[in-house]
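Biologist: Please show me the model, and then I will ask about it piece by piece.

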Amino acid sequence: GVSKIRKSLHKVYEELNSEQFIFIDKSFIVNVNHVIKINDKQVIMSNQDILPVSIPRIASVKQSIIKYWSENA
């Protein structure tokens with residue numbers, strides 16, 4: 001669904017308080033359950049959306065996704 005809230009994305013992320021959600025870029029938080037593929041610059045979601053991964057976050061995003069998938073497979 002879609003929610004409209006006026007607060008910073010960092011505040012929303014803190015309120016989510018779940019390993020299931022990760023920051024992939026300053027403008028994007030994703031639910032790891034819906035990530036189907038990751039490469040060096042993008043995350044592909046189950047709805048076929050292609051989202052950018054910021055260069056400084058690539059390693060930590062990959063690590064977080066792999067860790068979550070291995071613990072929740």
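Modeller: Two strands pair if DSSP finds at least two bridges between them; helices (H or I, at least four residues) and strands (E, at least two) are DSSP runs, numbered from the N terminus. This is a predicted model, in which local features need pLDDT of at least 70 and side-chain atom pairs count only at pLDDT 80 or more, while totals for chains, interfaces and linings use all residues. Residues are numbered from 1 along each chain as its sequence is written, and side-chain values use heavy atoms, with hydrogens and water left out.

Biologist: Which pattern does the chain follow along the sequence?

Modeller: The secondary structure comes to two helices and five strands. Read along the sequence, the pattern is α-β-β-β-β-β-α.

Biologist: Which residue stands opposite Val-43 in E5?

Modeller: Strand E3 (residues 35-38) pairs with E4 in the antiparallel sense over three bridges, and there Ile-38 stands opposite Val-43. E4 is also joined by three bridges to strand E5 (residues 50-52), again running antiparallel. On that side, the residue opposite Val-43 is Leu-51.

Biologist: Which residue takes a positive phi in the hairpin of E4 and E5?

Modeller: E3 and E4 form a hairpin with three residues between them. The hairpin of E4 and E5 has four residues between the strands, and the one with a positive phi, near 75°, is Gln-48.

Biologist: Tyr-13 and Phe-23 form an aromatic pair. Is Phe-23 buried or exposed?

Modeller: Rings of Phe, Tyr and Trp (its six-membered ring) pair if their centres lie within 6.5 Å; planes under 30 degrees apart count as stacked, over 60 as edge-to-face and the rest as tilted. This pair is tilted, at 5.0 Å centre to centre and 55° between the planes. Tyr-13 is partly exposed, with a relative accessible area of 31%. Phe-23 has 9% relative accessibility, so Phe-23 counts as buried.

Conventions:
Buried < 20%, exposed > 50% of the residue type's maximum accessible area, 1.4 Å probe, protein only.
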